[in-house]
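Try each task before you read its solution.

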Amino acid sequence: MKKTQALSILLIFLLPGLPGRGEAGAEAWGFFAHQRINHLAVFALPQPLAAYFKKHIDFLTIHAVDPDKRRYAVPGEAERHFIDLDVYGDFPFDTLPRSYREARAKFLEIDLLNEQGDTSPLIAPGLYELSLGLMWFRAGALAEAERPLSWEQYLDAIDEYFISRKGDLKTPSCRQLRKIFELPSDCGCEKVLLESHLDEHGILPWHLLRAYRQLVKAFETGEQKRILKQAADIGHYIADAHVPLHTTENYNGQLSGQEGIHAFWESRLPELFSDSYDFFVGPAKYIEQPADFFWEAVFDSHRLVDSVLTEERALRQNYPAEEVYCYEERGTVQLRTTCRPYAEAYHQRLHGMVERRMRAAIHAVASIWYSAYVEAGSPVL
Ligand SMILES: [Zn+2]
């Protein structure tokens with residue numbers, strides 16, 4: 001994304017009355033649907049895992065929404081819930097490395113700040129055009145010092161100087177940077193500035209793999225608290241991966257004049273209609289390649305983005321404007337929401353899409369819980 005574009009979208013977020021990324025996604029699937037998905041996944045498990053999880057089904061249900069609750073409290077949490085696939089071109093998104101290590105390095109911007117407070121780009125990857133062959137640092141004032149690094153050398157340098165022991169991004173010193181890129185000592189570097197363009201577009205599929213490994217580890221230790229926490233957490237992220245609008249830059253219809261469609265699709269529709277859904281999803285499956293499985297989930301969601309948006313737009317065009325929004329009482333507050341007949345009409349136009357995505361989410365949660373358990377050696381719990 002270009003800076004100016006990023007800025008204008010940021011400004012849109014900041015305008016009052018429009019939800020920002022955090023808010024729009026804050027109740028992914030709604031708290032209601034997240035809890036229902038974790039709850040129902042327990043019934044798709046084989047024994048003996050089923051018996052163990054049934055004993056703790058209340059915990060798994062209640063804590064299905066914890067990741068959303070900590071979005072504002074924990075730095076680095078917000079980007080785990082989505083991925084804007086469309087900023088990377090079209091399916092199969094060949095420019096997007098499936099490995100987190102490569103993706104993080106590829107979309108890292110490194111700028112130098114000089115004494116006068118001016119910045120010059122050292123590594124300015126751009127989101128689309130960087131080839132995976134050679135990584136050239138672009139110089140500006142540093143042109144005479146250009147030195148190509150091979151992609152592997154660059155990855156190693158990132159690992160060594162840019163990643164903390166905990167695995168977070170850290171900013172190297174000017175001295176370290178001079179060493180990596182053989183910059184002249186008078187290169188005017190007072191401070192190094194880093195910007196991760198990967199984070200701003202979401203890391204959901206990569207985070208899912210990390211969460212999966214944490215669940216396997218938890219099963220290996222046999223610590224009940226850890227198992228249940230990791231299981232509840234990954235259930236949340238898997239469910240997010242099944243929501244089409246969690247895979248697009250236009251996540252709240254803000255780029256197509258459909259603000260509010262995020263909560264409409266993932267909260268309002270399940271709350272109104274999911275009682276009539278068929279939630280017998282069949283037994284959990286062992287997943288051989290969890291990474292591929294997670295990517296498939298977000299790709300499947302992404303294929304539906306177009307229908308989610310165009311069906312609502314088409315409906316609205318032929319609908320009396322004053323019958324789109326209604327006020328409903330929730331406890332003591334009046335809540336502005338889409339009118340029930342409007343929601344019914346949209347739901348019908350989607351031909352069971354919400355039901356299919358919820359079913360797929362439930363089955364995926366159960367399958368991932370089960371696979372992590374098997375991978376940990378099917379311990380006695
Ligand atoms: Zn979420």
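## Exercise 1: A glutamate and its surroundings

Work out whether glutamate 152 is buried or exposed in this predicted model.

Solution. Start by counting: glutamate 152 has 9 C-beta neighbours inside 10 Å. Next, recall the cut-off, by which a residue with 12 or fewer such neighbours is exposed. Glutamate 152 therefore counts as exposed. To place this residue in the fold, look at helix 8, residues 151-161, where glutamate 152 is found.

## Exercise 2: Two packed helices

Describe how helix 3 and helix 12 pack.

Solution. Two numbers are needed, because packed helices are described by the angle between their axes and the distance between the axes. For helix 3 (residues 30-41) and helix 12 (residues 224-241), the angle is about 115° and the axes are 10 Å apart. Sorted by class, the contact has four nonpolar, four polar and no charged residues.

## Exercise 3: The whole chain

Step back and sum up the chain: how many helices and strands does it have, and what percentage of its residues count as buried?

Solution. Begin with the secondary structure, which comes to 17 helices and seven strands. Then take burial: 37% of the 381 residues count as buried. Last, look at contacts between residues at least 6 apart in sequence; 69% of them join residues at least 24 apart.

Conventions:
Residues are numbered from 1 along each chain as its sequence is written. This is a predicted model: local features need pLDDT of at least 70, side-chain atom pairs count only at pLDDT 80 or more; totals for chains, interfaces and linings use all residues. Helices (H or I, at least four residues) and strands (E, at least two) are DSSP runs, numbered from the N terminus. A residue is buried if 20 or more other C-beta atoms lie within 10 Å of its own, exposed if 12 or fewer, and partly exposed in between; C-beta atoms are placed from the backbone. Two residues are in contact if their C-beta atoms, placed from the backbone, lie within 7 Å. Axes are lines fitted to C-alpha atoms, for helices over the stretch in contact, and angles run from 0 to 180 degrees between N-to-C directions. Ala, Val, Leu, Ile, Met, Phe, Trp, Tyr, Cys and Pro count as nonpolar, Asp, Glu, Lys and Arg as charged, and the others, Gly among them, as polar.
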